[in-house]
Amino acid sequence: MPLQEVIETQRAIRRLYPDAVEDAVLQRVIELAIKAPNGGNEQKSAFVIVKDPAVRAELARLNRGGFPFMSLYYRRRVRTDTAWARTWKAIEWQRDHFHEIPVVIVVCWSGRIPRRPILLNSAPYASVYPATQNLLLAARAVGLGAGFISLPLWRLGKLRRILGLPRSVTPVGVIPLGWPRGKYGPNTRLPVGEVTHIDRWGNRPWRGESL
């Protein structure tokens, strides 16, 4: 699939079939993920691929644990924004069926991420997240559904225990993965001119232009 088509049709896919994903497909997705640039070519991205139903059930409980706060935060938006209300239904579906999703990939940094100073804190994320996006693009290219979530990270200590992660490894993202129940299609995003500022904030000469 051409890269441009992959990018233009990539979206978060939350409703997934429980059908297994072959190891060869997973290996190829990871292989493409680690082709991403990273700081100093240290290659500290690591991936825990969770297929065991018992472990996935533990991750499902972690995911559900953050919903009371998240639903409280978004409740007004869900009531007033019909598009967001549809998205929220997909998020709730993922919550209720998380244990059925065949693969959950936990993206990690092979090191400890200090809370301060900010220069040390931000560098690991800058090195790992390009690989994370590569993984999402690779999943789309082979027809898998995927999306980046963070709720299981809210209970970091428990997540470490579930996965047996040493203190020297820091999880930075969670990607439920499987064959999509729905169809891919062109994604809807703001125009370039709405999100681009030239030289200084507020200077948007491209606003209103069409590509």
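This is a predicted model: local features need pLDDT of at least 70, side-chain atom pairs count only at pLDDT 80 or more; totals for chains, interfaces and linings use all residues.
**Group meeting: the sheet and the salt bridges**

Let me begin with the sheet, in which 4 strands are arranged in the order β1-β2-β4-β3, open and with antiparallel pairing, where two strands count as paired if DSSP finds at least two bridges between them. The strands at the edges are β1 and β3 (145-146), each of which pairs on one side only. Strands, like helices, are DSSP runs numbered from the N terminus, with at least two residues (E) for a strand and at least four (H or I) for a helix.

Residues are numbered from 1 along each chain as its sequence is written, and side-chain values use heavy atoms, with hydrogens and water left out.

Within the sheet, strand β2 (residues 103-109) pairs with β4 in the antiparallel sense over 7 bridges, and valine 104 has proline 176, in β4, as its bridge partner.

Now to the charged side chains: how many salt bridges does a search of the whole structure find? The search finds 5, a salt bridge being a side-chain nitrogen of Lys or Arg within 4 Å of a carboxyl oxygen of Asp or Glu.

One of them joins the side chains of lysine 51 and aspartate 23, at 2.5 Å from N to O. This pair links distant parts of the chain, 28 residues apart, with lysine 51 in the loop between β1 (45-50) and α3 (53-65) and aspartate 23 in helix α2 (residues 23-33). Lysine 51 counts as partly exposed because its relative accessibility is 38%, and aspartate 23 is likewise partly exposed, at 43%; the scale, for a 1.4 Å probe and protein chains only, calls a residue buried under 20% relative accessible area, exposed over 50%, and partly exposed in between.

A further salt bridge is formed by glutamate 194 and arginine 207, whose closest N and O atoms are 3.2 Å apart. Glutamate 194 belongs to helix α8 (residues 192-195) and arginine 207 to the segment after α8, so the pair ties together parts that are 13 residues apart in sequence. Glutamate 194 is partly exposed, at 29%, as is arginine 207, at 46%.

Finally, arginine 189 is located in the loop between β4 (170-178) and α8, and arginine 189 counts as exposed because its relative accessibility is 57%.
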